[in-house]
Amino acid sequence: MQPMKRRASINAFALAALGAVFGGAYAQSSTVDEIAKYREALQDGNPAELWEARGEELWRKLQGPKNVSFTTCDLGLGPGVVKGAYAALPRYFPDAGRVMDLESRLVFCMVNQQGMTEADATANKFGNGNQQKSNLEALAAYVTSQSRGVKMNVSLDDPHVRDMYALGESMFFYRGGTHDFACATCHGDDGKRIRLQDLPNLTKVEGAQKAYTTWPAYRVSQGELRTFEWRLNDCFRQQRFPELEFGSDAAIALTTYLAARANGAAFDGPAIKR
Amino acid sequence: MADPMKIRANAIGDSTEVKVLMSHEMETGQRKDAQGKTIPAWFIQNVQVMHNDKVVLAAQWGPAIAKNPFVSFKFKGGAKGDKVKITWTDNHDETRTDEVVIA
């Protein structure tokens, strides 16, 4: 894990919000209110926009050994079509022969169209400051921003997708690891939290909708934009599970389960989170 | 080369509201890396905002400003079509200038 960033001040808004938290808001509910205010204050200048801008540039840039841009990459709505594509992912792609989420599809295009090796394509899957900028995170920011306001519509008509949904659902409730944890241990009841962070109840449609439609997100505490695969990866780490392999069927199955449960809600990412 | 800024400038009544998002590490010089070595300070020191040829905001910043800073302010005057030009310079003498037309 990278060291957590500690800042004397995040900005004037953040200071005001923190002041209110320490300044006598003892009850849990008022703390939650203050955190909500803090998020609202940050919403206006969401640095995710910087990732969106970089991603848009990368989308059009000729790259890889074959010098090909992403404009030939098919995210499910036709080559190069980005608008609304994320709201219908994961889906089954016959050319790859498997169900894919956004991140694995981007890697697929980098490997099969741009001629990169899979290792190169996923080398910087999670960025770390200026030394290690992640193209995948930037591309994900751009693609998802083009689905803002679009209603989630992951189709379960395809049997492959249905299988992944069922697998994801069983993974969600499967208890394991050194702590005998399942996703449902933290995300199966209302009002659970880690420290001060309220955890969404993903077994309820509203909870799944609110959670899924706000990833990717800019994490203020990390100064990075994080995608949904990162979110799952870090949940696995916190559960002391084996590392969730990037773009694996396991990751895609869980994503399929949660994305399909968010169906009907307008996508609202990239968002901003603590 | 630093990434471009995101700038929005909107004329509201007799003033102009400017919102700027800058891409910068804003390293405090207080943090240590995994090897225990201090990460050198690296932050924006000067910010200047011009409305056409007139300076409307000049700021001196330090390491307490957050990573990827966001600045929002208003100035009197400014009409649709006018230019707003923003320049930052950091303590490595790296600089970036971006321009936007008031909407």
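What share of the contacts in chain A with a separation of 6 or more comes from residues 24 or more positions apart? It's 66%, where a contact means two residues whose C-beta atoms, placed from the backbone, lie within 7 Å. Before going further, a word on how to read all this. This is a predicted model, in which local features need pLDDT of at least 70 and side-chain atom pairs count only at pLDDT 80 or more, while totals for chains, interfaces and linings use all residues. Residues are numbered from 1 along each chain as its sequence is written, with chains lettered from A and ligands numbered from 1 in the order in which they are written.

Chain A has a mean pLDDT of 86, and 89% of its residues reach 70 or more. Over residues 1–26 of chain A, though, the pLDDT is below 50, and beyond near neighbours in sequence this stretch has 31 contacts in the model. Where pLDDT is low, the predicted coordinates should not be read in detail. Chain B averages 92, with 99% of the residues scoring at least 70.

Let's start with chain A. Its secondary structure comes to 11 helices and 7 strands; here helices (H or I, at least four residues) and strands (E, at least two) are DSSP runs, numbered from the N terminus. Of its 274 residues, 38% count as buried. Buried means that 20 or more other C-beta atoms lie within 10 Å of a residue's own C-beta, exposed means 12 or fewer, and partly exposed is in between, with C-beta atoms placed from the backbone.

Now look for the largest nonpolar core, which has 74 residues. Such a core is a set of buried Ala, Val, Leu, Ile, Met, Phe, Trp, Tyr and Cys residues joined through C-beta atoms within 7 Å. Val143(A), Leu258(A) and Ala259(A) have the most contacts inside it, and helix 11 (residues 249–261) of chain A gives the most to this core, with 8 residues. Leaving aside neighbours within four places in sequence, Leu258(A) touches Leu202(A), Ala208(A) and Tyr212(A). In soluble globular proteins, nonpolar side chains tend to be buried together.

Helix 3 (residues 48–60) of chain A is worth a stop too. Its 13 residues should span 18 Å at 1.5 Å a residue, and the end C-alpha atoms are 19 Å apart, so the two agree; the expected span is 1.5 Å times one less than the number of residues. Among its buried residues are Trp51(A), Glu52(A) and Arg54(A). The cover over the buried residues of helix 3 of chain A includes helix 6 (135–145) of chain A, together with strand 1 and strand 2 of chain B.

Most residues other than glycine have a negative phi, and most peptide bonds are trans. Yet a cis peptide bond joins Leu89(A) and Pro90(A), with omega about 0°, and another cis bond joins Gly269(A) and Pro270(A), with omega about -10°. Pro90(A) sits in the loop between helix 3 and strand 1 (91–93) of chain A. Pro270(A) is in the loop between helix 11 and strand 7 of chain A. Arg240(A) has a positive phi of about 60°, and it counts as exposed because it has 12 C-beta neighbours inside 10 Å.

Over to chain B, which has 0 helices and 7 strands. Its C-alpha atoms fill a box of roughly 55 × 20 × 20 Å, taken along the principal axes. Of its 103 residues, 27% count as buried. Strand 3 and strand 4 of chain B pair in the antiparallel sense over 6 bridges, pairing being called when DSSP finds at least two bridges between strands. In that pair, Val47(B) stands opposite Ala59(B). Strand 4 (residues 54–60) of chain B is hardly covered, with 0 buried among its 7 residues. Asn68(B), in the loop between strand 4 and strand 5 of chain B, counts as buried because it has 24 C-beta neighbours inside 10 Å; its phi is positive, near 50°.

Finally, where do the chains meet? The contact takes 14 residues from chain B and 16 residues from chain A. On the chain B side, strand 2 (15–21) and strand 5 (70–76) are the elements that give two or more residues. The residues on that side divide into 5 nonpolar, 3 polar and 6 charged, with Ala, Val, Leu, Ile, Met, Phe, Trp, Tyr, Cys and Pro counted as nonpolar, Asp, Glu, Lys and Arg as charged, and the others, Gly among them, as polar.

Conventions:
pLDDT is the predictor's confidence in each residue, from 0 to 100.
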